[in-house]
Every structure is written in C-alpha cells, then in structure tokens.
Amino acid sequence: MERYVCIHGHFYQPPRENAWLEGIEMQDSAYPYHDWNERVTAECYAPNTASRILDSEGYITQIVNNYNKMSFDFGPTLLTWLEEKAPDVYQTILEADRQTKLTFSGHGSAIAQAYNHIIMPLANRRDKYTQVLWGIRDFEHRFGRKPEGMWLPETAVDLATLDIMAELGIRFTLLATHQARRVRQIGTDTWQDVSNATIDPRMSYKFRLPSGRELTLFFYNGTISRSVAFEDLLNSGDNFAHSLTDTFSEEHTWPQFVNIATDGETYGHHHRFGDMALAFALHHIETSGLARITNYGEYLDKHPPTHEVEIIENTSWSCTHGIERWRGDCGCNAGRNKKWNQAWRTPLRQAMDWLRDTLSPGYEEKARQFLKDPWAARDDYIEVILDRSLENIQGFLDRHQSRELNESEIVTVLKLLELQRHAMLMYTSCGWFFDELSGIETVQVIQYAGRSVQLAQELFGDDIESHFLERLELAKSNLRVYRNGRHIYDEFVKPAMVDLTKVTAHFAISSLFEEYGEQAEIYCYHFDAKEYQTAECGKARLATGRAKITSIITRESANMSFGVLHFGDQNVNAGVREYQGEEAYQMMLQEMTQTFSGADFAEVVRLLDKHFGTSTYSLRSLFHDEQRKVLDSILESALSEIEAAYNQVYEHNYPPMRFLAELGYPIPKSYQSAAEFILNAGLRRALHSDPVELERIRSLLDEVQTWQVELDAEGLSYLSQQSLEKMMSRLVSSPEDVDLLKELLAATQLARSAPFPIDLWRVQNLYHEMLEFTYPEFTIRAQQGDKVAEEWLDQFIALGQLLSVRVG
C-alpha cells in the first residue's frame with residue numbers, strides 16, 4: 001500500500017504599502033522591527049529556509065530548507081516585498097521550487113495565488129478574471145513556469161471562479177472538507193452526501209464545471225490542520241509526524257494521501273519554533289519510511305482521481321457561515337472584544353461596490369480614447385506592475401494603444417490603469433476579517449479606495465469623494481473616538497494623500513537633514529535636482545532650489561521650485577510651487593538669501609509666503625520614516641540633557657539607595673525610574689558600540705539585577721542579535737582572526753546569561769557554514785602540529801557548545 005504525505009503552507013501578508021508611496025512606512029506595533037512584514041519574515045519566512053533538526057540533547061545536527069519538502073503558495077504582493085527587502089529569502093523560495101521539480105517527478109511545489117487575496121465569490125466577473133490572470137502571470141514571472149495549482153483566498157469558492165481557473169490552465173486547488181456537497185465514483189450514478197464534512201481527504205477528486213471544463217480538487221485534513229494551527233501539536237515534531245501517519249488506514253489497499261493546509265505563518269510566527277517541528281516531522285517521516293513526502297502535482301500525476309465531487313458554493317475555510325465574514329455581522333471575528341459588533345462590514349462593502357461600479361464606466365469611456373480594449377489592457381497591466389521601466393511601459397503601450405500617444409496621454413492611461421489596480425486592492429480580504437473598522441487592515445483598504453477616488457477626480461473631474469464618504473459614514477466604529485468610516489477616512493486616509501507638490505515639500509525639508517545628490521529616488525518618485533543651495537546663519541539654515549520630480553508609477557512629472565527655512569529646532573517653514581521661469585526663480589533666490597544673511601527670519605517667512613503662496617509646509621509634512629529620523633536628530637541634544645539629569649539623580653543617590661537595597665527596603669519609585677532610564681540607555685549605547693563593550697554590558701546587567709528594573713527586552717534583544725551577527729559575519733570573512741573568535745565567544749557567553757532571549761538563528765547558520773567549510777581545514781592544520789589552529793579549534797568548539805550546534 002502506497003502512503004503519501006503533503007504539508008501545504010499558505011504564506012500571505014496583507015498589502016501594507018502606503019497607496020501613494022508604494023512603500024511600507026514604519027509600524028510601531030511591530031517594534032523592534034520596522035514593520036510587520038519584516039517581523040514575520042524574521043520569525044517565519046526566513047527560519048523556514050534554514051530550520052533546525054535537533055538531537056536528543058537539544059543540539060543542532062542538521063539545518064534544512066523546509067520549502068524543499070512542503071507544498072506552498074506565496075501571495076504575489078508579499079513576494080514583491082520579499083524581492084526588494086529580503087532578497088536572500090526570496091531567492092531561496094524560488095530555488096526551492098526548482099529543487100522540488102527534481103525531487104517530485106518534475107512538479108515544483110509552489111502553486112499560484114489569486115493576486116491580492118480578495119474574496120472571489122464576492123467579486124464581479126471582471127475582477128475574478130483579472131485576479132486569477134494576474135496571479136498566474138506573477139507566478140510565471142517569478143518561478144519561470146506555469147502554475148499547476150492555485151490557492152483561493154480563504155478557500156472561498158464559487159463555480160464562476162473555478163471555471164476561470166480551469167479556462168486559464170489551472171489543474172487543481174485546495175478546499176476544506178465542509179465545502180464538499182456529494183461524491184461518487186467516476187462512471188457510477190450513485191451520489192453520496194458528504195455535506196457534513198465527511199468526504200475522505202485521502203484522495204483527489206475530479207470536478208466537472210457546467211461549461212464542460214474540469215479541474216481536480218483536494219480536500220485537506222481539517223482535524224490535523226486545526227491542531228497544527230490552533231492547538232499545541234507543534235510543541236513536538238514527533239507528535240506532529242505521528243498525527244499525520246496515524247491517519248492512514250490499514251484496511252485501505254489503494255494509495256492513501258494525507259494532506260494538511262494551514263497559514264504558512266503557523267510555522268514560526270504564530271507558533272515560535274513551529275518551523276523546527278515541521279522540519280523534524282518531515283525528516284522523521286521520510287527517514288523512517290513511514291510515508292513518501294510528495295506534493296499535489298506529483299500525486300495527481302501518479303494517481304488521477306477515481307471519484308468526482310460537487311461543492312457547496314460561497315463557502316470558505318475561516319467562516320462557518322460561508323462568506324458572510326466579509327460582508328456581514330455573522331459573529332466570526334478575532335475575539336478582540338466580546339462587546340463589539342462587525343455591523344460595519346456591510347456598509348463598508350456596499351461603499352466599495354458603489355465606488356467600483358461608479359468608476360468602471362468612466363474608466364472604460366476614457367480609456368477607449370487611447371486603448372483598443374480597456375479591459376484587455378487592464379488584464380495585461382500586470383506586466384507593467386512587475387517591471388515599471390520606460391522600455392517595458394512602451395512595449396505595453398505598443399500592444400494596446402489605438403494610436404501614437406503623447407506624454408500627457410501616456411500619463412492619463414497609466415492613471416486610469418492605476419485607478420483600476422487600487423479598485424481591486426481595496427477588496428483585500430483582511431479589510432473585513434478582523435474586529436474593528438479602525439484596525440490597520442481596514443484602514444489600509446480604505447486608503448486604497450482613497451487613492452482610486454483621488455485618481456478619479458483628477459481624471460473625470462467628478463465630486464466622487466463626497467458621495468463615497470456619504471456611504472462610508474454608514475459604517476460605524478466600535479470605538480467612540482473613531483465614530484465612523486468618514487471620520488476614519490479624514491483621520492487616516494486624507495493625511496496620507498500626496499501629490500507632486502507634497503512630495504517635493506518632503507524632498508526640500510528632508511534635504512536639510514540628508515544629502516541626496518543630483519539624482520534621488522524617494523519611494524516611487526524620482527528627483528532630478530537642477531539647482532540646490534544652502535546657507536547658514538547661526539543655528540538657522542536655508543535651502544532653496546528647483547528640481548524635476550517624476551512619478552515612477554504614472555510618469556507624471558513637474559518642474560518645481562522650493563525654499564525651506566529651518567530655525568534650528570523643530571520649527572521648519574517650507575514653500576513649494578511649480579517652476580515659474582528663470583526670472584521669477586532668480587528673484588526669489590536673491591531676495592531670500594540676502595534677507596536670510598541678515599538674520600531677518602521673520603522677513604524670510606514672509607518671503608516664503610510671497611513667492612510660494614500661503615500653503616506652507618513643516619516637519620508634519622514629512623513622510624513618517626523620515627519624520628522619525630529628523631525628529632530623533634533634532635531632539636538628540638534635548639534627550640542628552642534629560643539623560644544627564646537622570647544620570648545625576650542615579651549617581652548622586654547611588655550609595656544610600658544601594659544601602660536600602662542591601663537591607664531589603666523597597667526602593668523609591670522615583671529612583672527606580674531614573675535607574676530604568678539610565679540602565680536601558682547605557683545598554684543600548686554599549687551594544688551599539690564597535691567593538692561591543694562587553695565589560696560595560698556585564699556591569700550594567702549586574703545593576704539591573706540590583707535595582708530590579710524593567711528592561712526594553714525586545715529592543716535590547718534585537719540590538720544584541722545584530723551585534724552578534726556582525727561579529728559572526730566578520731569571522732566568516734576573516735576566519736584566521738583568533739582574537740575575534742575569542743571576542744565572539746565572550747559575547748555569546750554574555751548573551752546566554754542576559755535576562756532576555758536573543759535570536760541566534762543567523763549566527764548559528766553562519767557557524768554551521770564554517771563548521772562545514774572552515775572547521776575541516778583547521779582540523780587538518782591542528783593535526784599537523786599548528787598551535788594557532790589548535791587554539792582556534794578549542795575556541796570554535798566552545799562557541800559551538802554555546803550555540804547548541806553539534807560539532808564532530
């Protein structure tokens with residue numbers, strides 16, 4: 001009897017990019033990481049590329065790539081982020097698909113995903129088609145082959161979507177067992193009702209569509225999948241392995257196929273070290289001969305369906321009420337607050353539907369002025385999204401334009417297509433999944449809607465925004481402070497909107513704190529500085545100049561002039577306007593520089609109003625990341641003064657406070673606050689230093705123990721991790737440096753004794769690499785009597801002990 005096991009991971013993060021900047025801004029809730037994509041990558045996507053298999057004593061014996069042994073899909077929008085921000089992880093994922101083609105009889109383990117994770121049954125047919133097509137095209141662009149399978153977001157299914165998938169060449173998809181209605185053996189007439197989730201998930205099923213098309217459906221084992229995702233099965237890799245193999249039936253003589261499916265983030269993000277349980281389970285099943293590890297494509301080729309199935313439409317894996325979670329107050333939520341309701345979901349979707357249906361006729365009518373087929377052009381626009389080079393945009397236009405277009409018309413075409421892209425992004429499922437209208441995922445989809453509104457008003461001149469907000473206002477927040485959708489739009493979306501003038505204001509202000517040079521890219525905007533001058537007068541600074549700014553997305557551009565006055569603190573005044581010609585520019589330049597040199601700053605502010613209008617800009621106008629950086633720079637001296645004051649309290653009162661502590665008396669809270677501030681600041685400084693001040697850190701940690709202060713555990717852990725990784729990277733580059741090895745050993749010893757956990761994943765990876773390639777060379781040298789090599793081996797083996805890596 002043949003036995004097969006397939007573990008599928010659905011890897012996905014909601015798009016988090018600012019709709020106007022095409023980049024993710026800092027998310028404080030992800031601290032100490034920049035944003036949640038970065039955090040989840042560190043906790044899940046990266047660890048699964050190099051997961052540990054431990055021996056009985058807890059030492060690492062193997063480091064394996066889990067993607068090489070599992071089935072997986074990655075959201076296209078997530079892969080876009082990984083490609084830029086974590087290219088090593090991205091390339092490892094692509095390589096895993098190539099490797100699994102060799103392992104699994106020519107079938108790569110990656111499958112596609114509908115483009116931006118919309119609930120397909122709730123989409124209109126045009127959006128359904130584009131979402132499937134974009135998902136396929138994105139997959140082909142990255143993986144270099146056609147996808148065999150496709151993941152449906154939330155496994156939400158309907159016949160129309162399955163028909164489109166089959167039409168576009170998809171062979172199979174995955175569903176939950178409760179989504180099957182009835183089954184029968186192929187060639188027979190008798191159907192068996194399985195609508196109570198009793199379908200046998202150990203085989204594949206043929207699905208016949210009304211159009212005559214067919215595809216294969218796999219149903220994952222829900223019991224094991226739930227235990228993996230929501231219970232404690234991943235606490236033991238051995239238990240995980242046996243839960244899979246115990247599902248096989250000795251009574252069945254035909255091939256059995258055990259498959260499970262969960263969010264990929266289960267393995268490391270939702271369950272810490274879940275990737276290691278996965279690695280052990282796969283390794284144990286394979287090496288013990290308990291079953292053959294496979295993927296869906298290979299199994300389907302070896303064992304075509306013997307049964308056919310009918311499904312229950314408008315169902316999903318994460319809503320017991322079908323697909324109501326994404327359009328109604330069905331009771332499904334994340335459990336954040338039992339008193340809340342999700343009645344806001346219905347008016348939010350109705351507002352989005354109204355916006356989509358209102359924009360579509362305008363898009364089609366205007367696009368027909370330039371394009372042969374507006375909707376075919378939208379379908380093909382994924383090629384531009386994947387490559388926004390001028391050459392590629394021109395190739396796209398050559399395929400779709402009805403006549404030669406001038407620069408202004410090209411901008412219009414790209415704006416029309418961006419309007420359509422954002423009109424689909426606004427349906428990303430996470431906007432409805434969680435509990436509260438003001439949540440970051442819901443604000444994100446409203447932001448995408450806001451971008452569509454902005455583009456529509458530029459293109460069509462209609463007052464679409466007010467009508468949209470009337471509908472959005474019907475969505476009520478559970479939190480009184482946020483009131484309703486209109487208020488949330490005004491509070492979070494309006495301030496995020498930018499145009500070329502606001503982007504130029506950011507460039508002008510930030511140029512006083514960061515050197516850009518003649519050419520610069522800020523998010524999705526390109527700057528060509530034509531002229532730039534600065535002047536100083538005491539603490540005050542003045543910058544003036546002109547530049548051409550171009551949107552990389554829409555190719556819209558403008559020549560802008562600017563002036564910015566910084567008073568030396570948080571007060572900044574800036575003015576921006578379109579370049580009015582050389583005479584007006586030189587007059588502005590002369591008047592402002594002369595007045596500034598005379599330290600008449602009030603008059604400079606008046607001149608800003610004169611030359612740029614009264615719509616001035618300040619530090620509030622900076623994009624979030626740069627604003628944080630600039631404020632840190634400006635406040636550095638103030639924070640130094642605060643630290644000095646705390647330090648004086650700490651040092652001056654140290655002897656009597658220490659005496660109190662020794663006698664067991666409680667320490668006054670005011671002194672503990674000072675100690676907490678000083679010790680955290682001291683540890684950050686010592687960890688930032690190069691080389692790391694180990695003795696200083698050790699001394700500060702002793703004082704932490706004395707005063708029992710609360711540490712910034714996450715922040716200090718992150719800094720410690722970075723320091724150790726830098727040292728280990730230097731050792732890989734200079735393996736002969738015994739002193740560096742000793743320093744690293746001492747630093748690791750100290751890290752192991754720190755009162756907070758430190759992620760040693762990358763350090764262990766680099767050590768394992770040296771163990772494989774460098775350690776044998778030093779072993780040979782030591783055997784030949786090389787004393788330095790002998791000392792190196794002693795230190796290296798001791799480091800391995802601390803890193804829990806088995807040596808020898």
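The structure is a predicted model. Its chain contains 31 helices and 19 strands. The radius of gyration of the chain is 30 Å, close to the 28 Å that the globule rule gives for 808 residues, so the chain is as compact as a globular protein of that length.

**The chain as a whole**

- Along its principal axes, the C-alpha trace of the chain spans about 95 × 80 × 60 Å.
- Of the 808 residues in the chain, 56% are buried.
- Among the contacts in the chain with a separation of 6 or more, 69% are made by residues 24 or more positions apart.
- The chain exposes about 34,700 Å², and carbon and sulfur atoms supply 47% of that area.

**Helix α25 and its surroundings**

- Helix α25 covers residues 669-688, a run of 20 residues, and from its first C-alpha to its last it reaches 28 Å, which is close to the 28 Å expected at 1.5 Å a residue.
- Several residues of α25 are buried, among them Y671, A674, A675, I678 and L679, and the buried residues of this helix also include N680, A681, G682, L683, A686 and L687.
- The cover over the buried residues of α25 includes α23 (636-652) and α24 (654-663), together with α26 (694-707) and α27 (713-733).
- In the loop between α25 and α26 lies P691, and a cis peptide bond with omega of about 5 degrees joins D690 to P691.

**Another cis peptide bond**

- Y31 and P32 are joined by a cis peptide bond, for which omega is about 10 degrees.
- P32 belongs to the loop between β1 (3-11) and α1 (36-45).

- T155, although not a glycine, has a positive phi of about 50 degrees, and T155 is placed in the loop between β6 (150-151) and α5 (159-167).
- The relative accessibility of T155 is 0%, and because buried means under 20%, T155 counts as buried.
- Leaving out residues up to four places away in sequence, T155 touches L174, L175, Q179, T315, S316 and W317.
- T155 and V709 are 554 residues apart along the chain, and their C-alpha atoms are separated by 48 Å.
- F273 is likewise not a glycine, and F273 has a positive phi of about 70 degrees.
- The loop that holds F273 runs between β12 (256-263) and α8 (274-287).
- With a relative accessibility of 46%, F273 counts as partly exposed.

**Buried residues in helices**

- I136 is part of helix α4, which covers residues 125-143, and at 6% relative accessibility I136 counts as buried.
- Apart from its neighbours within four places in sequence, I136 is in contact with P147, M150, L168 and I170.
- Between the C-alpha atoms of I136 and L745 there is a separation of 49 Å, and the two residues are 609 residues apart along the chain.
- K415 is found in helix α14, which covers residues 407-425, and K415 has a relative accessible area of 9%, so this lysine is buried.
- The residues that K415 touches, not counting those up to four places away in sequence, are L455, E458, L459, T554 and E556.

**A buried residue in a loop**

- S109 sits in the loop between α3 (87-103) and β5 (110-113), and at 2% relative accessibility S109 counts as buried.

Note on methods
Residues numbered from 1 in each chain as written. Predicted model: local features only at pLDDT ≥ 70, side-chain atom pairs only at ≥ 80, totals over all residues. Heavy atoms only, no water. Helix = DSSP H or I, 4+ residues; strand = E, 2+ residues; numbered from the N terminus. Rg over C-alpha atoms; globule rule 2.2 N^0.38 Å. Buried < 20%, exposed > 50% of the residue type's maximum accessible area, 1.4 Å probe, protein only. Contact = heavy atoms within 4.5 Å. Areas by Shrake-Rupley, 256 points an atom, 1.4 Å probe, with all protein chains shown as cover. Expected span 1.5 Å × (residues − 1).
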